[in-house]
Amino acid sequence: MNERLTKVKTDSTNFWSSRTKKQKGAMVGALVVIIAFASILTYLLTRTEMVPMYTNLSQAEVGQIRDVLEADGVTYEITAGGTNILVPAKQADALKVSLANQGFPKTGGIDTSFFAENAGFGMTDNEFEVLKNETMQTAIVNLLKQVDGVEGARVNITMPKQGVFLQDGQGEATAAVMLTTAPGHQFTETQIKTLYSLVAKSVPNLPLENIEISNQHMEYYDLESATSGGSVATPEGQMQLKKTVERDLQRQVQNMLGTLMGQDKVFVSVTTDIDFKKENRQEDLVEPVDEENMSGIAISAQTITETYTGTGATATGTPEAGQQTDNFTDYVEGAAGNGDYERIEEKVNSDVNRIRKDIQESPYKIRDIGIQVGVEPPNPEDLASLPDESVAAIREMLASIISTSLNKDAVGDLTDEEVASKVVVTVQQFYGKDVAVDTETTAIPWWVWVIGGVLLVAIVLLVFYILRSRKRKEEAELSAIEEQQEQIIVDDIADEKETEATVRRKQLEKMAKEKPDDFAKLLRSWIAED
């Protein structure tokens, strides 16, 4: 063992001492470069990358989120004067879903500023907006996948166009989300609120009412907002109820026509006029039982009949003034001296319907509905590709929806022409239609390319150095062999006698010419023995 170690040490020392200064410098430099790159690679692969999770938060909410992160043992950083929170990149999506489930954030929004990393020099404004939109949609899809029961998602965001002047203001964004849910999964109310919160906080200026979320079976998930259970006596409650009614009607029409024509071939807008007057009244009604004869129901009856025949004065007389009633006595006149009379008296007690009603009117009544529908024909450039029969069928379906949705007590019976006037169907090509973006995109970080390039250059330099060293070594050995051959070759002597030494010399000369490698090995063995 000691001899082997000694031999290794001796060989290493001989190898190092046989190198030139340039070779020694190159070897030391290559070793330093390899160690440096290995250290940088180890640092980049093992360091914790912190990314912004929320931005522009209130400091009070930052403190609440900090307490939640500390309780879960999550590493975090607070920047931008206490308004931004940074978390590890690998945990960012899961933390956003978990915090959204707890109602965070109430202020600020989810950070999507990383889209600028993919922006190249010389990119136009339109290309920049497209890249920004795609990045936000991808970020939202990754967040929604973290919710239990969501296997996939497609997100389509429509951003408002910015006006030229400041007074133009900023419009509201809209978002349509199509979820691919697990078979048989039913979302809870908390999960639905989480879905809406993740989408709303990921897009600037996106109100909750402008978000539509459905699954692959065209089932819509409605958000039960805080004002939905409020009183319609307040303006806020009335506006919320009006938006809810319009949204439900719009979704009903969009779902029906989208199934027939295609979801991207139909645009629906619904407006309503709702009466929010609430009335409580009490009615005391008296009605005849028999309305046709205007008579009541007999509850008791009495009939008295008296007759008289004989001589004597004739019964005469009239009822007293003011005493004429339904029950009276009839007097029958007879001849003088003889006479007869008959008295019939009937008493009937009747009763009527006495109705007492406590009526509370509904808190709202739909007095008017207007439905505007835009339809794109199968061939967008040929409006005649959509037959008139199809347009007429659409009008009939919308008229049926209107007639059944209006309050009959408020509007009465409408004619077909009046109902048809509330429907507008326009057939034209859609120029502002958004194209769905494939959100399943992957990107390799820039630092991976840098490290790979540096390692590739280091490997190329190392291979070049090894080949160059080997070539120099071979050239040095050949030079040594040639020098030895020059020393061995002597002038021929014509009269030289064949001796053992002469024969051996000639054999060595022949070997040097025909087999220089073997000759070099032989010389090295001789030198080692010496």
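I started with the largest nonpolar core, which has 29 residues. Leu144, Leu179, Val199 and Ile213 touch the most other members of it. The model is a predicted one.

Next I asked which elements supply this core. Helix 4, helix 5 (125-144), strand 5 (150-158), strand 6 (174-181), helix 6 (189-202) and strand 7 (211-215) each give at least two residues. Helix 6 has the largest share, with 6 residues.

I then looked up valine 199. Leaving out residues up to four places away in sequence, I found that valine 199 touches Ile140, Leu144, Ala175, Val177, Leu206 and Ile211. I also noted another core, apart from the largest one. This other core has 26 residues, among them Leu241, Val268, Leu386 and Val425.

**Helix 4**

Which residues of helix 4 (residues 92-101) are buried? I listed Ala92, Leu95, Lys96, Val97, Leu99 and Ala100. A lysine, Lys96, is on that list. I kept the general rule in mind: an α-helix has 3.6 residues a turn, so residues three or four places apart point the same way. After helix 4 comes glycine 103, and I read a positive phi there, near 95°.

**Asparagine 205**

I checked phi again at asparagine 205. The value is positive, near 55°, in a residue other than glycine. Where does asparagine 205 sit? I placed it in the loop between helix 6 and strand 7. Its relative accessibility is 34%, so I logged asparagine 205 as partly exposed.

**Glutamate 345**

Is glutamate 345 buried or exposed? Its relative accessible area is 15%, and the cut-off for buried is under 20%, so I logged glutamate 345 as buried. Glutamate 345 belongs to strand 11 (residues 338-351). I also took a C-alpha distance, from glutamate 345 to isoleucine 304. The two atoms are separated by 4.7 Å, with the residues 41 apart along the chain.

**Helix 1 and helix 2**

The axes of helix 1 (residues 2-17) and helix 2 (residues 21-46) come within 9 Å and cross at roughly 115°. Therefore I called helix 1 roughly perpendicular to helix 2. On the helix 1 side I found Phe15, Trp16 and Ser17, which meet Lys24, Met27 and Val28 of helix 2. Sorted by class, this contact has 4 nonpolar, 1 polar and 1 charged residues.

**Helix 12 and helix 13**

Then I took helix 12 (residues 500-514) and helix 13 (residues 516-529). At what angle do their axes cross? I read roughly 125°, with the axes coming within 5 Å. That makes helix 12 oblique to helix 13. Leu508, Met511, Ala512, Lys513 and Glu514 of helix 12 meet Pro516, Phe519, Leu522 and Trp526 of helix 13. I counted 7 nonpolar, no polar and 2 charged residues in this contact.

**Whole chain**

I finished with totals. The protein chain has 13 helices and 14 strands. Of its 530 residues, 27% count as buried. I looked at contacts with a separation of 6 or more: residues 24 or more positions apart account for 72% of them. The protein chain exposes about 35,600 Å². Carbon and sulfur atoms supply 53% of that area.

Key. Residues are numbered from 1 along each chain as its sequence is written. This is a predicted model: local features need pLDDT of at least 70, side-chain atom pairs count only at pLDDT 80 or more; totals for chains, interfaces and linings use all residues. Side-chain values use heavy atoms; hydrogens and water are left out. Helices (H or I, at least four residues) and strands (E, at least two) are DSSP runs, numbered from the N terminus. Buried means under 20% relative accessible area, exposed over 50%, partly exposed in between (1.4 Å probe, protein chains only). Contact means heavy atoms within 4.5 Å. Accessible areas come from the Shrake-Rupley method with a 1.4 Å probe; for residues, only the protein chains shown count as cover. Axes are lines fitted to C-alpha atoms, for helices over the stretch in contact, and angles run from 0 to 180 degrees between N-to-C directions. Angles under 35 degrees count as roughly parallel, over 145 as roughly antiparallel, 65 to 115 as roughly perpendicular and the rest as oblique. Ala, Val, Leu, Ile, Met, Phe, Trp, Tyr, Cys and Pro count as nonpolar, Asp, Glu, Lys and Arg as charged, and the others, Gly among them, as polar. A nonpolar core is a set of buried Ala, Val, Leu, Ile, Met, Phe, Trp, Tyr and Cys residues joined through side-chain atoms within 4.5 Å.
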